[in-house]
Amino acid sequence: MSAHILDGKAAAAALRAQVREASEALHSAHAIRAALAVVLIGDDPASQIYVRNKLRETKAAGMLSLEFRLPAQASQAQILDCVARLSADDCVDGVLVQMPLPPHVDASAVLAAIDPAKDVDGLTEASAGRLAQGRPGLRPCTPWGCVMLAKQAWAQLAGLHCVVLGRSILVGRPAAQLFLAQDCTVTLAHSRSRDLPDLCRQADILIAAVGRPEMVRGDWIKPGAIVLDVGINRVEKDGKAVLLGDVAFAEASLRAGWITPVPGGVGPMTIACLLANTLTAACARRNWPLPAWLAKL
Ligand code: NDP
């Protein structure tokens, strides 16, 4: 039996359409468009593509998209000044600093300059603290997208064993917290964990976020499990550049119940969740109620 595919493209398109409808409603009611400011430092080619896509989708969702570019040699003080200005600017609802930053920049200091009320990437200490304490807040986009996709497979996740591979601040740690908030039993594994294949075979929900092409093999999967592959690995295969996930898709889909492809799985959800966060921030800053569907996500 082959697994059902969790179609992130379709799920993301549906979420973006809901955000767009709510954006237009905000505009009709209050003559306001939520505004997302994206700061790009340096000229990393992958980051340029990510930022271009974010700006395009922000506009398509009926929001204002503002782009700020600084050269790779920009000083820490210049970057902090830019982020602090956007945090203080009343016209801006969301501030996102595209990672990774050039090596001379202290990423924690830059994140600390983002007003937590505008932290649409959910990466500040305030957002992480709220998530860890089970309080409402802006959630990191990629793991939030994972929860939404898992719910497409099983509406009720309570009591399921979720194993998260990878403990980064961007994906693994918040994924563990978000699935805990769904009343899953969570195991957070990393490069020092023992017997990963055996750990993974205990997972009803397996999230792979390690950045190692096809590390998770088919016999690591519990039959019927939900497999969410966050990995995006650019590798050369037969002389061609291809994108591979962290899961060996063909093998894993023979055992999984549901699985995300790469590309077209978790990836598209990231920007859709960013737009949902921007809408949330725009409403929360003005003490306006969230649309009911957004409050329930
Ligand atoms: P990081 O490199 O920051 O973290 C990788 C994590 O995986 C670390 O916790 C590391 O453990 C763990 N790890 C590495 N090797 C192994 C191993 N052999 N066994 C067990 N654990 C291991 O990566 P990110 O979390 O930022 O990203 C992970 C992947 O997800 C990447 O491929 C990235 O491109 C992709 N990604 C995709 C996004 C999307 O939108 N779909 C968004 C963000 C990332 P330790 O802590 O012990 O070193």
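The model is predicted: local features need pLDDT of at least 70, side-chain atom pairs count only at pLDDT 80 or more, and totals for chains, interfaces and linings use all residues. Residues are numbered from 1 along each chain as its sequence is written, and side-chain values use heavy atoms, with hydrogens and water left out. Helices (H or I, at least four residues) and strands (E, at least two) are DSSP runs, numbered from the N terminus.

**The three-strand sheet**

- Strands pair if DSSP finds at least two bridges between them.
- Three strands make an open sheet with parallel pairing, in the order β3-β2-β4.
- β3 (64-70) and β4 (94-97) stand at the edges with a single partner strand each, so one side of each has no neighbour in the sheet.
- Neighbouring strands of this sheet are turned by 15° against each other on average, direction ignored.
- Axes here are lines fitted to C-alpha atoms, for helices over the stretch in contact, and angles run from 0 to 180 degrees between N-to-C directions.
- β2 (residues 35-41) and β4 run parallel and are joined by four bridges.
- Val 38 stands opposite Leu 96 in β4.
- Helix α2 (residues 45-60) packs on the sheet and touches β2, β3 and β4. The direction of α2 makes about 160° with that of β3.

- Four bridges join β5 to β7 (residues 205-208), and the two run parallel.
- Val 163 has Leu 206 in β7 as its bridge partner.

**A hairpin**

- β9 (residues 233-237) and β10 (residues 240-244) run antiparallel, joined by five bridges.
- Val 235 has Val 242 in β10 as its bridge partner.
- Two residues lie between the strands of this hairpin. Asp 238 in the turn has a positive phi of about 50°.

**Two crossing helices**

- The axes of α6 and α10 (residues 266-285) come within 8 Å and cross at roughly 110°.
- α6 and α10 therefore count as roughly perpendicular (65 to 115 degrees; under 35 is roughly parallel, over 145 roughly antiparallel, the rest oblique).
- Residues of α6 that meet α10 include Trp 144, Cys 146 and Leu 149. On the α10 side they include Met 269, Cys 273 and Leu 274.
- Contact means heavy atoms within 4.5 Å.

**Aromatic pair**

- Rings of Phe, Tyr and Trp (its six-membered ring) pair if their centres lie within 6.5 Å; planes under 30 degrees apart are stacked, over 60 edge-to-face and the rest tilted.
- The count is one aromatic pair.
- Trp 154 and Trp 258 form an edge-to-face pair, 5.5 Å centre to centre with 80° between the planes.
- The two are 104 residues apart: Trp 154 is in the loop between α6 (141-153) and β5 (161-165), Trp 258 in β11 (residues 258-259).
- Trp 154 is partly exposed at 25% relative accessibility (buried is under 20% relative accessible area, exposed over 50%, partly exposed in between; 1.4 Å probe, protein chains only).

**Cysteines**

- There are zero disulfides (a disulfide is a pair of cysteine sulfur atoms within 2.5 Å).
- Cys 82 is in no disulfide, as the nearest cysteine sulfur, that of Cys 91, is 15 Å away. Cys 82 is buried at 13%.
- The sulfur of Cys 146 is 8.9 Å from that of Cys 162, the closest, which is too far for a bond. Cys 146 is buried at 0%.

**Around Ser 47**

- Ser 47 lies in α2 and is buried at 3% relative accessibility.
- Ser 47 and Gln 98 are 51 residues apart in sequence, yet 6.8 Å apart in space, C-alpha to C-alpha.
- Leaving aside neighbours within four places in sequence, Ser 47 contacts Leu 40, Gln 98, Met 99 and Pro 100.
- Met 99 and Pro 100 are joined by a cis peptide bond, with omega about 0°.
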